[in-house]
Amino acid sequence: SETEKGLVLAYYLEHMEGMSSFNVDDVVAIFRVAKEKKPINPSDVVAKNAARGFVMEATEKKDKKKAWTLTATGERYVENELNK
């Protein structure tokens, strides 16, 4: 699903690209890099992952926009559940 793709790509941003947080623009950009269709509503992808407890709002904004970071739950979900 778009939501799970968004979570995996957020994981990639943090663990492979070294980003400590990401915003919606980063999500759109990484979908393009991954050669995936841009989500119809990128904010909704982030919000759904937040509702599931997989991402949380970062303490500081990024490029004057709300920023997000993975939670430990989100990291475990990518590493253990999606890897099956």
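Tutor: Helices here are DSSP runs of H or I with at least four residues, strands are runs of E with at least two, and both are numbered from the N terminus. Counted in this way, the chain of this predicted model has 4 helices and 2 strands, and from the N terminus on its elements follow the order α-α-α-β-β-α.

The part to look at closely is the pair formed by helix H2, residues 24–33, and helix H3, residues 42–51, whose axes come within 9 Å and cross at roughly 105°. Angles from 65 to 115 degrees count as roughly perpendicular, and H2 and H3 are therefore roughly perpendicular to each other. On the H2 side the contact is made by Val24, Val27 and Val28, which meet Pro42, Ser43 and Val46 of H3. By residue class, this contact of H2 with H3 divides into 5 nonpolar residues, 1 polar and no charged.

Turning to the chain as a whole, its radius of gyration is 12 Å, which agrees with the value near 12 Å that a compact globule of 84 residues would have, and its C-alpha atoms fill a box of roughly 35 × 30 × 25 Å along the principal axes. Of the contacts with a separation of 6 or more, 54% come from residues 24 or more positions apart. Of the 84 residues, 39% count as buried, while the chain exposes about 5300 Å², with carbon and sulfur atoms supplying 49% of that area.

Technical notes: Residues numbered from 1 in each chain as written. Predicted model: local features only at pLDDT ≥ 70, side-chain atom pairs only at ≥ 80, totals over all residues. Heavy atoms only, no water. Axes fitted to C-alpha atoms, helices over the stretch in contact; angles between N-to-C directions. Parallel < 35°, antiparallel > 145°, perpendicular 65-115°, else oblique. Contact = heavy atoms within 4.5 Å. Nonpolar A, V, L, I, M, F, W, Y, C, P; charged D, E, K, R; others polar. Rg over C-alpha atoms; globule rule 2.2 N^0.38 Å. Buried < 20%, exposed > 50% of the residue type's maximum accessible area, 1.4 Å probe, protein only. Areas by Shrake-Rupley, 256 points an atom, 1.4 Å probe, with all protein chains shown as cover.
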